[in-house]
Amino acid sequence: MNIKGSAKILFVFVAVIFCGCVYYNTFFLARKSYKRAEKLRKKAGGDNIPSAATSLYEKAIEKSSKVLAYYKETDYVDDALFLLGMCFTRMGDYTKALRKYNELLSNFPESEFAQDARYWRSVCLYYGGEEEIALDSLEAIAEDN
């Protein structure tokens, strides 16, 4: 085998490995941005979101959305949905957050994030003006536990 043939084989091998990891790397970067945003938010006092944290939440939203758009068949879809819900919750967009939590619960009821999604769904309902529904939802969660 000549050098060109070896280079082609190496290129194909690297491309296959890289493509298989792209969805993980995309989600990894989303989660990393979210964690950095959370650190900044907590350092600022919890409810005050610094602009740097907002920027990081937006990056996490962008990357998580890519996982949903391009890698629907991967194991990270429920992770990405939950992360999107959390980013929207932290940014105060309770309608979008609620949509993501509902999507997670509808499509992945057995997900490791389902219980947390139910809780945060209730929080979004409450802050979205649906206090009665939120309280009923929290009571249902308490009964299940």
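## Helices α4 and α5

In this predicted model, α4 and α5 cross with a left-handed sense. Helix α4 covers residues 94–107 and helix α5 covers residues 114–127. Their axes come within 9 Å and cross at roughly 150°. An angle over 145 degrees counts as roughly antiparallel, and α4 and α5 are therefore roughly antiparallel to each other.

On the α4 side, the contact uses Y94, A97, L98, Y101, N102, L104 and L105. These meet A114, A117, R118, W120, R121, C124, L125 and Y127 of α5. The α4–α5 contact holds twelve nonpolar, one polar and two charged residues.

## Helices α2 and α3

Helix α2 spans residues 51–70, and helix α3 spans residues 77–90. The two axes come within 9 Å, with a crossing angle of roughly 150°. That makes α2 roughly antiparallel to α3. The crossing of this pair is left-handed.

From α2, the residues in contact are Y57, A60, I61, S64, S65, V67 and L68. Their partners in α3 are V77, A80, L81, L83, L84, C87, F88 and R90. By class, the α2–α3 contact has twelve nonpolar, two polar and one charged residues.

## Helices α3 and α5

How do the axes of α3 and α5 cross, and within what distance do they come? They cross at roughly 25° and come within 11 Å. Angles under 35 degrees count as roughly parallel, so α3 and α5 are roughly parallel to each other. Helix α3 passes α5 in a left-handed crossing.

## The largest pocket

The largest pocket has a volume of about 220 Å³. Its lining consists of F27, R31, Y34, D79, F82, L83, M86, F113 and D116. By class, the lining has six nonpolar, no polar and three charged residues.

Which helices each supply at least two residues of this lining? They are α1, residues 3–44, and α3. The largest share, four residues, comes from α3.

Technical notes:
Residues numbered from 1 in each chain as written. Predicted model: local features only at pLDDT ≥ 70, side-chain atom pairs only at ≥ 80, totals over all residues. Heavy atoms only, no water. Axes fitted to C-alpha atoms, helices over the stretch in contact; angles between N-to-C directions. Parallel < 35°, antiparallel > 145°, perpendicular 65-115°, else oblique. Left-handed = near helix turned anticlockwise from the far one by under 90°. Contact = heavy atoms within 4.5 Å. Nonpolar A, V, L, I, M, F, W, Y, C, P; charged D, E, K, R; others polar. 1 Å grid on protein atoms, 1.4 Å probe; cavity = no way out; pocket = protein on both sides within 12 Å on 5 of 7 lines; lining within 4 Å. Points joined across faces, edges and corners; volume = space filled by probe spheres on them.
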